[in-house]
Amino acid sequence: MLPFFIVLLIILIVLLYKVNDNYFILALCKRIKCVDGEPLEKKVCIIPGKTIFGNNFDVLSVTPGKLFQLCRDWAKFSKDRSYVHHFLTASVYNIINAEDAEQLFQSQSLTTKGTMYDLSRPFLGDGLLMSNGEKWHFRRKILTPAFHFNILQTFNEIFKEESLKLLEKLKCLQHDRVNVSDLIDEFSLNNVCGTQSGI
């Protein structure tokens, strides 16, 4: 009876080892693989979790302020490279440098959204942000001329003027902590109104 259990244990260990190539078993998520076959660690930083269960317990009972600081600490740990952490059912790829963002934005094949987007689909509908494939290409083609570099150049004065106003408001604040939400909302609204209607 004992040899049977030993053989069963060995088979289970071998099976888990094989499955672990494609899945981060203890974090309950699929591993991200590079298209060219290189190890992911060569291209991005993998954020180690506090436990053997990936990053699942890193954000447990974390306030929004602490989460912001945690993300900044992860960026510092990754030495300003894009990084990956492993959460329940998903590996999350955080892009923090322009080169990686450029690769993503210029890709014609990376338009499929992750599972996090499914949560906002009932609210946002199936527009450019949420669509993929042919629908995404068609909508992107329609919208691209509106953001052409030459068109955006005409709004530089408005962007500069509103940015200077925002800086002046921030200089006037003498607090250690500032809720910038209202200031950013006003700044964004002024930019939109200035570029859309010239107000």
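The legends below describe close-up views of one predicted model. In this predicted model, local features need pLDDT of at least 70 and side-chain atom pairs count only at pLDDT 80 or more, whereas totals for chains, interfaces and linings use all residues. Residues are numbered from 1 along each chain as its sequence is written, and side-chain values use heavy atoms, with hydrogens and water left out.

**View 1. The two domains of the chain.** The domain assignment gives domain 1 (19-110) and domain 2 (148-197); such bounds come from an automatic or database domain assignment. Taken over C-alpha atoms, the centres of domain 1 and domain 2 are 32 Å apart.

**View 2. The open sheet S3-S4-S5.** Strands are DSSP runs of E with at least two residues, helices are runs of H or I with at least four residues, and both are numbered from the N terminus. Two strands pair if DSSP finds at least two bridges between them. Three strands form this open sheet in the order S3-S4-S5, with mixed pairing. Strand S3 (45-46) and S5 are the edge strands, each pairing on one side only.

View 3. Strand S4 (residues 83-87) pairs with S5 in the antiparallel sense over five bridges. Val84 has Tyr93 of S5 as its bridge partner, and Phe87 has Ala90 of S5. Two residues lie between the strands of this hairpin, and Thr89 in the turn has a positive phi of about 60°.

**View 4. The largest pocket.** On a 1 Å grid over the protein atoms alone, a pocket is an open set of points where a 1.4 Å probe fits, with protein on both sides within 12 Å along at least five of seven lines; lining residues have an atom within 4 Å of a point. Grid points are joined across faces, edges and corners, and a volume is the space filled by probe spheres set on the points. The largest pocket holds about 1600 Å³ of space. Its lining has 33 residues, and Tyr93, Ile95, Leu104, Leu110 and Thr112 lie nearest the centre. At least two lining residues come from each of helix H2 (40-43), strand S5 (90-94), helix H4 (98-106), helix H5 (115-124) and helix H6 (133-143). S5 gives the largest share, five residues. By class, the lining has 18 nonpolar, nine polar and six charged residues. Here Ala, Val, Leu, Ile, Met, Phe, Trp, Tyr, Cys and Pro count as nonpolar, Asp, Glu, Lys and Arg as charged, and the others, Gly among them, as polar.

**View 5. The second largest pocket.** About 210 Å³ of space lies in the second largest pocket. Residues of its lining include Phe24, Arg31, Cys34, Pro39, Ile46 and His86. Six nonpolar, two polar and four charged residues make up this lining.

**View 6. Aromatic pairs.** Rings of Phe, Tyr and Trp (its six-membered ring) pair if their centres lie within 6.5 Å; planes under 30 degrees apart count as stacked, over 60 as edge-to-face and the rest as tilted. Four aromatic pairs are found in the whole structure. The ring centres of Trp74 and Tyr83 are 6.3 Å apart and the planes meet at 65°, so this pair is edge-to-face. Trp74 and Tyr83 are both buried (buried means under 20% relative accessible area, exposed over 50%, partly exposed in between, with a 1.4 Å probe and protein chains only). The rings of Phe155 and Phe159 form a tilted pair, because their centres are 6.4 Å apart and their planes are at 55°. Phe159 counts as partly exposed because its relative accessibility is 32%.

**View 7. Met116 in helix H5.** Met116 belongs to helix H5 and counts as exposed, at 55% relative accessibility. Val92 is 24 residues from Met116 along the chain, and their C-alpha atoms are separated by 9.8 Å.
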